[in-house]
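User: I've got a model here and I'd like to talk through some of its salt bridges, loops and strands. Can we go over it together?

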Amino acid sequence: MTPGARMQAAIELLEQVWAGDEPVDRLTDSYFRKRRYAGAGDRRAIIETLYNVLRHRARLDWWIERTGTNLSPDPRTRIIAELALENKSSPQETKAIFSGATHCPEPLTGPEETLAESLYGRPLTHPEMPAPVTMEYPDWMDRSLQALWPERLAAEMSALNQPAPVDLRVNLLKSTPDEARQSLKNDNIETEPTPLSPIGLRLAGKARLAGTAAFKNGWIEIQDEGSQLIALLTGAQPGMKVVDFCAGGGGKSLALAASMSTNGAIDGRLWACDISARRLERMAPRLQRAGAEKVRSKVVAAVNDPWAVENAGRMDRVLADVPCTGTGAWRRDPDARWRSTLDDMDELIAIQKRILTSAQGLVRPGGWLIYATCSLLQEENERQLAWFLENHEGFQPLPIDQVWAETVGGPPPPTGPSMRLSPASTGTDGFFCAVLEKQ
């Protein structure tokens, strides 16, 4: 593909990203499945441009607004700004890319030529930019993030705006970390143990895993190290009754199943619950490949679910990994930060409270309720924990370092009564976790 054709593909992908709510990786997979002619080098270049524009969106828009061209930020103008500001492309080079040739973007309009000329040679980041623009987050989150990280907000947000590594969880139902690592090496894929999770491997570079023996045999699952740690902190063991109350795609359910294994089989009872039957159905092939067919899928309601009422007080462990703003996963979907609003967060906070109220009823005396989010915001984390403890006197938070010693092993990251992970502090996606014991 020519440079112009690659840029046109990036523009088309940006149009799709901003037209709906699909995650970026899912859109790119679908896009290239229909365009087999795009080689590996083409795909890498297009995806790199796509993600760069998404990660620079606030700063690109700030500059576009100040050029006096009256152009609105859209895929074309943001690409032009990215070429001038980040790639240092001259106006002539940009004009050559927007040539109008076959498969290339249409020629620049007069205002677009002015935009390319005005931005050429300027820095992407400018001292006059406000903090939300410089650090690429929505204005409405400013107060929350400034309160969370008053001294190191820049470092945390910079790390959250970088590419994420690919982590794998070794499926202990079928393999060991050493066996899985050697199998991947036999397929010319290098990995290293994850720093915190004892069951994790981190890819040394990009690789296609679907064709490897380790993947086909169900020895590995793609799962961020932080997500692995949440599953480990649940403390699921053989013989227990365990509920993954918001199972979603089933990543943590699979990890819990492995924690409950004895001689390659699940020992105990494990329910993967969700309000969506479709999500649970999509989990079935993953369960089969992992050898975790004994996991029971259950569609439940967030409030007053009959099954939850019937099984009240019977469960040893209940993991409530609740829906949230997903701020901790921005590395993987940079556009997600612009898709949520303050009203969305308020609605999610109400949903989280309803789920916690329902999930806590399943826990037996002496059992654990694990509250987790992939959010960094205190409104969804510490404040929700405080609300729950005020309204449910029968629960007591366990010190995370104590739980870590019992479930994960090794030295924990700096913790208090709850655990917060972030790309800057732990090299993982952002997560929050609190473990509550029923008295």
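This is a predicted model: local features need pLDDT of at least 70, side-chain atom pairs count only at pLDDT 80 or more; totals for chains, interfaces and linings use all residues.

User: Is Arg331 buried or exposed, and what is its relative accessible area?

Analyst: Residues are numbered from 1 along each chain as its sequence is written, and side-chain values use heavy atoms, with hydrogens and water left out. Buried means under 20% relative accessible area, exposed over 50%, and partly exposed in between (1.4 Å probe, protein chains only). Arg331 therefore counts as buried, with a relative accessible area of 6%.

User: Which residue forms a salt bridge with Arg331 at 2.8 Å between the closest N and O atoms?

Analyst: A salt bridge here is a side-chain nitrogen of Lys or Arg within 4 Å of a carboxyl oxygen of Asp or Glu. The partner sits in the loop between helix H20 (423-426) and strand S14 (431-438), 98 residues apart from Arg331. Helices (H or I, at least four residues) and strands (E, at least two) are DSSP runs, numbered from the N terminus. At 5% relative accessibility the partner is buried, and the residue is Asp429.

User: How many residues apart in sequence are the parts tied together by Asp224 and Arg331?

Analyst: Asp224 and Arg331 form a salt bridge, with the closest N and O atoms 3.8 Å apart. Asp224 lies in the loop between S4 and helix H13 (225-233), and Arg331 in the loop between strand S10 (315-321) and helix H17 (342-360), so the parts they tie together are 107 residues apart.

User: What is the relative accessibility of Glu65, which forms a salt bridge with Arg66?

Analyst: The closest N and O atoms of Glu65 and Arg66 are 4.0 Å apart. Arg66 is partly exposed at 45%. Glu65 counts as exposed, because its relative accessibility is 63%.

User: Which strands stand at the edges of the open sheet of four strands?

Analyst: The order is S2-S3-S1-S4, with antiparallel pairing; two strands pair if DSSP finds at least two bridges between them. Each edge strand has a single partner, so one side of each is left without a neighbour in the sheet: these are S2 (191-193) and S4 (220-222).

User: What is the phi of Asn70 near?

Analyst: Asn70 lies in the loop between helix H4 (57-65) and helix H5 (75-85). At 77% relative accessibility, Asn70 is exposed. Its phi is positive in a residue other than glycine, near 60 degrees.
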